Amino acid sequence: MEYNPSEIEPKWRKWWQENGTYQVNNHSEKPKYYILDMFPYPSGAGLHVGHPLGYIASDIMARYKRLKGFNVLHPMGYDSFGLPAEQYAIQTGIHPEVATEQNITRYREQLENIGFSFDWSREVRTSSPEYYRWTQWIFMQLFGHYFDKKAEKALPIAQLEQYFAQNGNAGIQAACDDDTPAFSAAEWNAMSQTEQQQMLLKYRLTFPSEEFVNWCPGLGSVLSNDEVKDGVSERGGYPVERVLMKQWVMRITAYADRLIDGLDTVDWPDPIKDQQRNWIGRSKGASVKFGVDGYPDYHIEVFTTRVDTIYGVSFMVLAPEHELVRELTTDAQRSEIDAYVRWAASRSELERMSEVKKVTGAFTGAYAINPFNGERVPIWIADYVLAGYGTGAVMAVPSGDQRDWNFARHFNLPIIPILDAQQNMEEAADPTKEGRYINSGMINGMDYETAVPTLIEWLEKKGLGKGKTQYKLRNAVFSRQRYWGEPVPVYWDSNNIPHLIDEADLPLTLPKVDKYLPTETGEPPLGRAKDWYYKPKDGSEGGPLEMNTMPGWAGSSWYFYRYMDPKNGEAFCSPEAINYWQDVDLYIGGSEHAVGHLLYSRFWNHFLFDTGLAPKKEFAKKLINQGMIQGRSSFVYRAKERFFEEYLMLKVLKPFFNEQGPFEVHAPDFEEAWQYDFAFGASDLVIEVTSYKLIDKIEQIRAAAESDQKRLLVLSVEELADNINRPDRIAEKISDALKSKEKFIMSRETPKSEQLFVSFNLVHKYNPENLTRLHVDISYVNNDFLDTEKVRQLSMFKNAAFKLDADGKFLTCPEVEKMSKSKYNVVNPDDMVAQYGADCFRMYEMFLGPIEVSKPWNTNGITGVSGFLRKFWSLFFDNAGQWKVVDGEPSADELRVLHTCIKKVTEDIERFSMNTCVSHFMIATNELRDLKCSKRAVLEAMLALMAPFAPHVSEELWHLLGHTSSVCDAQWPVLNETYLKTDSINYPIQINGKLRAHVDLPSGCTDEEAIAAALAVEQVKKWLDGQTPKKVIHVKGRMINIVV
RNA sequence: GCGGGAAUGGCGGAAUGGUAGACGCGAUGGUCUCAAACACCAUUGGCUUUACGGUCGUGCGAGUUCGAGUCUCGCUUCCCGCACCA
């Protein structure tokens, strides 16, 4: 039998499905292992070879853990709400649900094709009502809770109401809006129902709020920052304005500390943790109020992380937009300040970014007073201070902060050293915290650790400031003005207070709409729905339903629990299921989700934990980032008409120079002066290069030549393209024309070619301006060489001529780019599977390199893996296709090869080094082949090792060995170290760390024996040259180093 | 500007501080074949040498060490993330 993946692979996929091989039970004696891939969005473009990279790695892990005796949960589903389907719906009128369904079908086919061990009976889709009713339900829980800072957890809002009724809000420590007023119990009890509800919104974990958004009236939607370029939308170029809009917001800031601290408890890559810490941006410092000279009522509040540098403040800087700028500016400075403010407002973000080194600013004429020493310091404005961040004011300490230093240098402001350890103050700021304070009043002589609390205590006593922890993190906007998302289960009463709908009325399903666009009045698409109104069953007052939908991250923030119990209609997940599976043991996905999905889902999970719904604070123990697979595009160079003039000059006309004397050349800059492309000085012949199609142009030139009394030779570019590899033919033609007496010479043959493409390795010979660079579909390219015959299928190349290189080949120019349809560099996994088989595809993706590294897709090496699989097969079948596996005791060598492979593969899977696993399989296969090993005991163990990587071929051979159950339920082979030992070891001998000789020694030899043997080696004696070694190092089983 | 990561043959990449370049691709030579493909065998970092060998070599420059691709410090370039974040 021959190895034929296209036959065996579908057979086993069918068998696995019929036998329910991948179905997982929520009850088991075995330990659980939950391995999860990040949720894909089913896009219309289908899967490309980059997507499965992580899925293959997780599938290998899942199969490996199963062989090791775990009950493994490895599910797959779809994050199926999303913008692309909605945009498609706007264009075509097709309901997003229909398009999404089609896309999912296609994804499923493609995924199935690769032989994953997903339990498809657990598939979930965020856009199905059975799923999103629970997303809505979790939203309702968030609405019903507040965050208690004393308990450090979410508590029911009813408890808060009770507390307010008894105590007012004094003494409560809860996360709430900044503008929450203080009120007593009496005041609370005197409030109307509406007023109380209004107040409670300031505490709820999700609440409506007025937020600034980038509103684009032209598109009828809100845009993200990066969709806005220079104040207009990137798509369409419509104006964008910052407007306040009522949005649902999640109070994620309440969890800022827990989200930072929780990072220390999970095994995630440090770059991801760093990004999250950075995003949350916890900085401990102090807020300090500076007085303003002559304005006793005004204060300028600043936040600083280096309050210890306060005596080094030599000026203040306000943002140009700061509210006090107008009032503080003196008349003398007014014109300068006004001009600067106007200039700053005119500057785009881009300009500000690119000119960080340019120092600009203006003096207001006013002075601030340092609360510590009463010193007057000038108040400046500069655009490096942002109005929207912090207080919009900075205390400038030029000795410790480089940007302040630059500013001080530029405007000649004092630079005051404050620590005795600060150095090179003349060249740059020194932000050190080392040493003792100088010039620093009450903290003189102290170190950093004692100075900070001293200063903060003083500030707080005087009421001029306080120690403060500041976060960069903002509350997360949870509303989208879209159709294709989860409806928010909320209605608004006549007093404009939001209320949850009754839990029994979940799911609140998406209504039908006539169009997927905003209404004429600017309301979201749900505003088009009829009867989008809620009437409670208890007969109380109802109201219109919320028209915003939830964002994409809503459904993906808790999906890992739904897989545990996907069909449950009573709960988002049964307590039994969640207590069995607990949390995700291994999560694999791209690092682009570092702060979006991964932070929001941690937030939701902390909340679910607080309410007792989830058993663990962190939902994923270990996270692995998979690298991106980039595309490898191929470019070809197409000649523009001017290329042929250049070509003629370089290749053809040079010899005529000697015979005919200098000729004159049409130069682009003198188009008016020169009528012809080439003119021979000593002859009356002129040459015109043009397309034969341009009859009018040829006639004009001909008339001009006649009136100039010149003879005209017309060379068509098509003809030149045809003869591009035969310049001699063109030369002959010119030569004939020179000898001829004819007035007008033009080829009568119909040229074949329309366009000329130049091989990449010849491109350097020509002016790049004469060539156009174009993508060519990579399916016509092999090892960067273009298949010049096959490519004629494309209309663009139908009549093309190719300028080939010296070897007669046409080279394309490769470039690594994002994999995308428009770049013609997409590789579809289906094609790879059809050509090489799923097992080969899986192993090759792993073989490409470490899982976490991004790399371009390149099939150049796939034949190596394909060849390996055939070699592996040939351990079981001889050349004639006869089964050759025999029983019998394996030899010591055979066992050594097998157990080396067991050791390496086990170690490498555990550390996710899948690429080296494939190498080990290749090595073992080559060695077993050399040993002519076909022993059942060895091959059976090899199959178990191979099964996670190449499940189809392993299953086939496993059954041919006589098994009736799946190879998935085999046992992972156990390593026996004794088989690894060899009798002798070939030791390298180094002299002074340089390899000089080798010696064979028995594997158990002592230091003395090894050293004596090493010194006796002829080569070593030569290098020692009679000297006694100073020192000899013997690393057992490794090497010997002799120091002379 | 800040933070993180990386840099090893023609290419993808190996290498618990211990023989740098495993494994694969590509290339070269050979066997098989009418021929091609497949397959198989051999060679394949640079320089040098008939050969044995010598010598240089993991982005650059120092350092620690008997020994550094690996550890430390300084630099260069590239990639990723964040971004006037005080």
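Buried residues, those under 20% relative accessible area with a 1.4 Å probe and protein chains only, make up 52% of the 1044 residues in chain A. The model is predicted: local features need pLDDT of at least 70, side-chain atom pairs count only at pLDDT 80 or more, and totals for chains, interfaces and linings use all residues. Residues are numbered from 1 along each chain as its sequence is written, chains are lettered from A and ligands numbered from 1 in the order in which they are written, and side-chain values use heavy atoms, with hydrogens and water left out.

Chain A holds 31 helices and 40 strands. These are DSSP runs numbered from the N terminus, with helices (H or I) of at least four residues and strands (E) of at least two. Along the principal axes, the C-alpha atoms fill a box of roughly 110 × 100 × 85 Å. Contact means heavy atoms within 4.5 Å. Of the contacts in chain A with a separation of 6 or more, 71% join residues 24 or more positions apart.

Histidine 27 sits in the loop between α1 and β1 (32-37). Its relative accessibility is 62%, so histidine 27 counts as exposed; the cut-off for exposed is over 50%, with partly exposed in between. Histidine 322 is buried because its relative accessible area is 14%. Beyond its neighbours within four places in sequence, histidine 322 touches Thr391, Gly392 and Ala393.

Helix α29 (residues 951-960) is mostly covered, with 9 of its 10 residues buried. Among them are Trp958 and His959. The buried residues of α29 pack against α1, α2 (52-67), α24 (838-847), α25 (862-873) and α28 (936-946). Glycine 962 follows α29 and has a positive phi, near 110 degrees.

Leu960 belongs to a nonpolar surface patch with Met1 and Trp883. Together the three have about 260 Å² of accessible area, computed by the Shrake-Rupley method with a 1.4 Å probe, only the protein chains shown counting as cover for residues. Like charges are joined within 9 Å, and nonpolar side chains (Val, Leu, Ile, Met, Phe, Trp, Tyr) within 5 Å. Methionine 1 lies in the segment before α1 (5-18). Methionine 1 counts as partly exposed because its relative accessibility is 40%.

Definitions and conventions. Patches are made of residues with over 30% relative accessible area and no salt bridge: like charges are joined within 9 Å, nonpolar side chains (Val, Leu, Ile, Met, Phe, Trp, Tyr) within 5 Å. A salt bridge is a side-chain nitrogen of Lys or Arg within 4 Å of a carboxyl oxygen of Asp or Glu.
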